[in-house]
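Reader: Could you take me on a close look at one part of this protein, the surroundings of its ligand, and then show me how a loop elsewhere sits in the chain?

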Amino acid sequence: MDRVQFEGNKRSVEAMLDNNVRIEILDKDDIKQKIPDLVTDFDDNENTELLGLKNIDYGILGYDCGELDADKITRDFYENEFKKLGGETLFSTRIKKLVLEPVEEELGIPGEPVGWQEKKVGSIETQEGKKITSKMFILATGPWANELLLPIGIDSHSLPLKKSLFRVQTPRLASLLDNKHFNEEETIPFTIFPLHGIYVKPVKYNNSIWIGGGSTVGHPYVISHPDTFEKEENPLDDTQADSRDYEYDQYLILSEYLPILKDQPLTNQWAGFYAMNTIDKNPVVFKPNGIKRLIVVTSGSGSGIMKADAVGRIADALYRGEENAELFGGKEFKVSRLGLKSRDVDKEDFVI
Ligand SMILES: Cc1cc2nc3c(=O)[nH]c(=O)nc-3n(C[C@H](O)[C@H](O)[C@H](O)COP(=O)(O)OP(=O)(O)OC[C@H]3O[C@@H](n4cnc5c(N)ncnc54)[C@H](O)[C@@H]3O)c2cc1C
């Protein structure tokens, strides 16, 4: 961060310290000494002004930041634990709709359930037309949530926003990937730069970095209506990134901070969608008004893996009708705080 950004983030930094998040503030000299290939100061020239480059005056080093393999933890831990409880899993099965039914007996009225009838999700219907019934449905379909919710009038305040990742693989990255100053893996940390949340993630084992972030102002939210296209044409299933987004955007900025990236081609790219909460960029966990047997859990807003353990516990407490959830470490969290009616969470500041 430059000095101005650092001052502006002081409240968040203090909140982290108050919550015992292990961080260290690095000043410019520390940073220059630890990452000699990083440019921290820019002269007043045309490029600096055009791109709005900011100096690096401070860094916040988080000792408990890290990475985990989300697929692996889902498969090898959560799925196994779920099965031990008697759960069953079903893959490659697209749910096409949530079927509303009256809570009381069906009367055979056309368009049932009609306005005055109390409603529940009676079943879900698969792409193949099979119906699955349950006493409760928990919808956790991330950025695809609107496909099933909007047709039954539920607004989760979440919209899909495309985010791309780009890989550069070259021996020129050695000074970043073999760097003894930060951690036992001996790489630079996952590093967020001062502009537009552009970030670099080191991947030591194959001499590469992944690059992401960048401004999304002016980028479209994607609305998809599954009934209007074939299964494989769903825009939300599109994992293609556009390399021009890197070449004309992130690259121009990042290669000023890290000149070792100059003229290095991309070696891979990938895209996915954030389920972006449009109110406060935090997850939502709620029972929709007037529709029984449904809990909605979505809006990871780009940090849903980090928050998954807490969100899962909060969803579980909502299912059981408990007022508070017990989070990891024994901390209590009032379930309604992530709901829509009595929502009470701060805006998420760190969205990259
Ligand atoms: C590029 C990128 C980088 C990210 N980086 C980070 C990060 O560093 N840290 C972090 O914490 N988070 C990160 N995230 C966000 C994180 O991936 C999400 O917040 C998280 O995966 C949300 O989990 P979820 O279970 O709510 O939804 P998802 O992981 O999106 O899972 C939803 C599942 O529902 C399935 N589904 C959808 N529709 C249907 C249907 N109709 N029928 C049946 N199944 C359906 C989908 O196939 C999918 O498997 C990133 C996201 C992207 C796109």
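Author: Happy to! Helices here are DSSP runs of H or I with at least four residues, strands are runs of E with at least two, and both are numbered from the N terminus. Please keep in mind that this is a predicted model.

The protein chain has nine helices and 16 strands, and its C-alpha atoms fill a box of roughly 75 × 45 × 40 Å along the principal axes. Of its 352 residues, 24% are buried.

Now to the ligand. It is surrounded by 21 residues, and the closest are Gly 142, Gly 272, Gly 300, Gly 304 and Ile 305. Two or more residues of this shell come from each of helix H6 (145-149), strand E7 (158-169) and strand E11 (268-277). E11 gives the most, with three residues. Sorted by class, the shell holds 10 nonpolar, eight polar and three charged residues. Because both domain 1 (3-64 + 159-277) and domain 2 (70-91 + 139-156 + 283-338) give residues to the shell, the ligand lies between them.

E11 also leads us to the loop. Pro 259 is placed in the loop between helix H8 (243-257) and E11. Is Pro 259 buried, exposed or partly exposed? It has 13 other C-beta atoms within 10 Å, so Pro 259 is partly exposed. The C-alpha atom of Pro 259 is separated by 11 Å from that of Leu 173, with the two residues 86 apart along the chain.

Notes:
Residues are numbered from 1 along each chain as its sequence is written. This is a predicted model: local features need pLDDT of at least 70, side-chain atom pairs count only at pLDDT 80 or more; totals for chains, interfaces and linings use all residues. A residue is near a molecule or strand if its C-beta atom, placed from the backbone, lies within 6 Å of it. Ala, Val, Leu, Ile, Met, Phe, Trp, Tyr, Cys and Pro count as nonpolar, Asp, Glu, Lys and Arg as charged, and the others, Gly among them, as polar. Domain bounds come from an automatic or database domain assignment. A residue is buried if 20 or more other C-beta atoms lie within 10 Å of its own, exposed if 12 or fewer, and partly exposed in between; C-beta atoms are placed from the backbone.
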